[in-house]
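I opened a new notebook page for this structure. The entries below follow the order in which I looked things up.

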Amino acid sequence: MDNALSDGGDFKLGLFSPNCTGGLAVTRIPERWSASWPDNLRLARLADRVGIDFILPIARWIGYGGETNFHEGVLEPIPWASGLLASTRRIVVFATVHTAFNHPVVSAKQLATVDQIGEGRAGLNIVAGWNQPEYEAMGVTLPSEHDDRYAMAQEWWDHVRALWTREGRFDLDGRFFSLRGVESMPKPVQSSLPILNAGSSKQGRAFAACNANFVFTIIADPAEGERVVAELTESARAEYGREVGVMSPAHVVCRSSHAEAREYLHYYAEEYADWEAVDNLMRLQGMHAQSFTEDMLATFRSRFAAGHGTCPLIGTPDEVATEIERYAHAGLSGMTLSFVDYVTELEFFAAEVIPRLEAKGIRVPRPEVGTV
């Protein structure tokens with residue numbers, strides 16, 4: 001890989017879920033993130049300019065209910081990534097693909113095309129699936145066992161990888177996809193894309209250790225992050241002879257004073273939280289996913305409202321930078337960030353927090369890029 005995710009060994013910063021209405025904030029405030037194309041384009045160009053390394057979308061087809069029907073509006077990740085890559089110069093843009101809903105031959109060609117548009121800056125987030133109502137909406141059965149979901153994901157990825165690396169016409173046999181006389185051109189710019197997998201279950205983390213460049217996993221705090229990093233990196237080395245990075249998502253409320261940050265957090269994530277949508281989301285996570293333990297689900301209700309259960313980065317620029325430093329020292333390769341207002345808050349974050357991270361030696365300055 002030769003792109004913003006492979007440059008140097010410092011701490012990477014990404015943006016998560018700006019293609020979804022509300023981002024990660026399950027809130028009823030009228031100024032919540034719109035996820036419109038103009039806002040996403042403006043955000044991507046800003047992120048490219050201030051040195052954010054990547055953008056990661058969520059793939060979603062139905063909302064979570066509640067007053068806002070949280071994540072009702074979602075820009076589909078593959079055309080979204082194509083547009084953003086054509087409009088930026090440095091940043092990596094991931095496409096999130098559900099293996100149960102997308103045929104590997106079609107996905108291989110789509111993703112290679114996206115990577116050609118970005119001149120080697122596309123990434124792939126592989127999702128094995130968990131959301132029962134979306135499976136019902138698609139007319140597809142969600143396997144009850146995680147082992148079966150990841151067996152399908154593994155076969156899907158094996159087929160995509162073969163289509164990217166093999167020449168001519170060939171057959172691909174499998175339990176889920178048996179393909180005859182397939183071929184695929186063009187190929188990705190560098191034979192593959194950076195691979196990310198959001199593996200938090202036992203099976204998910206094993207799949208990521210075997211296949212991904214980055215494991216994207218939910219953690220509670222830096223202490224747990226240190227343990228998870230040690231487990232995942234050792235597993236990848238011992239079982240697969242691979243090196244993997246570990247990243248975790250976070251939600252950010254950064255203001256000039258601590259009181260101001262806490263006041264805004266209370267405003268959008270307590271006073272105006274969409275609690276019905278929060279409870280629907282938590283119920284689905286508890287029933288159909290293993291990303292969160294039972295204890296985490298029981299205690300994280302306010303964290304779900306604030307940022308979909310992700311790590312909180314709340315406070316002044318000094319406090320936020322210090323907390324990010326703790327995650328870096330725990331061994332994480334990077335974090336994704338979400339904001340209520342991605343554009344305005346990223347401008348403040350870039351001006352106040354990123355220079356502090358550079359002063360701490362967590363990040364090195366990114367080269368300036370022009371606009372497209």
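Which residues line the second largest pocket? I noted first that the model is a predicted one. I then listed the lining: Arg49, Val50, Gly51, Ala350, Ile354, Pro355, Glu358, Arg363, Arg366, Pro367, Glu368 and Val369. The volume of this pocket came out at about 220 Å³. I sorted the lining by class and got six nonpolar, one polar and five charged residues. Helix H1 (37–50) and helix H14 (354–359) each supply at least two residues of the lining. H14 gives the most, with three residues.

**Entry: salt bridges**

I searched the whole structure and found 21 salt bridges.

Next I looked up single pairs. Arginine 255 and glutamate 345 meet through their side chains in a salt bridge, at 3.3 Å from N to O. Arginine 255 is in the loop between E9 and helix H8 (258–271) and glutamate 345 is in helix H13 (residues 342–352), so the pair ties together parts 90 residues apart in sequence. I checked both for burial, and both arginine 255 and glutamate 345 are buried.

Arginine 301 forms a salt bridge with aspartate 279, and their closest N and O atoms are 2.9 Å apart. This pair links helix H11 (residues 301–307), which holds arginine 301, to helix H9 (residues 275–288), which holds aspartate 279; the two residues are 22 residues apart. Arginine 301 is partly exposed at 35% relative accessible area, and aspartate 279 is partly exposed at 32%.

Arginine 326 forms a salt bridge with glutamate 323, with closest N and O atoms 3.0 Å apart. Why are they separated by about one helical turn? Both sit in helix H12 (residues 317–329) and are three residues apart, which means about one turn lies between them.

**Entry: strands**

Is strand E10 (residues 311–315) enclosed or open? Four of its five residues are buried, so E10 is largely enclosed by the rest of the structure. Strand E9 (residues 245–254) pairs with E10 in the parallel sense over five bridges. Histidine 251 stands opposite proline 312 in E10.

I followed histidine 251 to serine 338, which touches Phe16, Leu24, Ala250, His251 and Val252, leaving out residues up to four places away in sequence. Serine 338 lies in strand E11 (residues 334–338). Its relative accessible area is 3%, under the 20% cut-off, so serine 338 counts as buried.

Note on methods:
Residues numbered from 1 in each chain as written. Predicted model: local features only at pLDDT ≥ 70, side-chain atom pairs only at ≥ 80, totals over all residues. Heavy atoms only, no water. Buried < 20%, exposed > 50% of the residue type's maximum accessible area, 1.4 Å probe, protein only. Contact = heavy atoms within 4.5 Å. Pairing = 2+ DSSP bridges. 1 Å grid on protein atoms, 1.4 Å probe; cavity = no way out; pocket = protein on both sides within 12 Å on 5 of 7 lines; lining within 4 Å. Points joined across faces, edges and corners; volume = space filled by probe spheres on them. Nonpolar A, V, L, I, M, F, W, Y, C, P; charged D, E, K, R; others polar. Salt bridge = Lys/Arg side-chain N within 4 Å of Asp/Glu carboxyl O.
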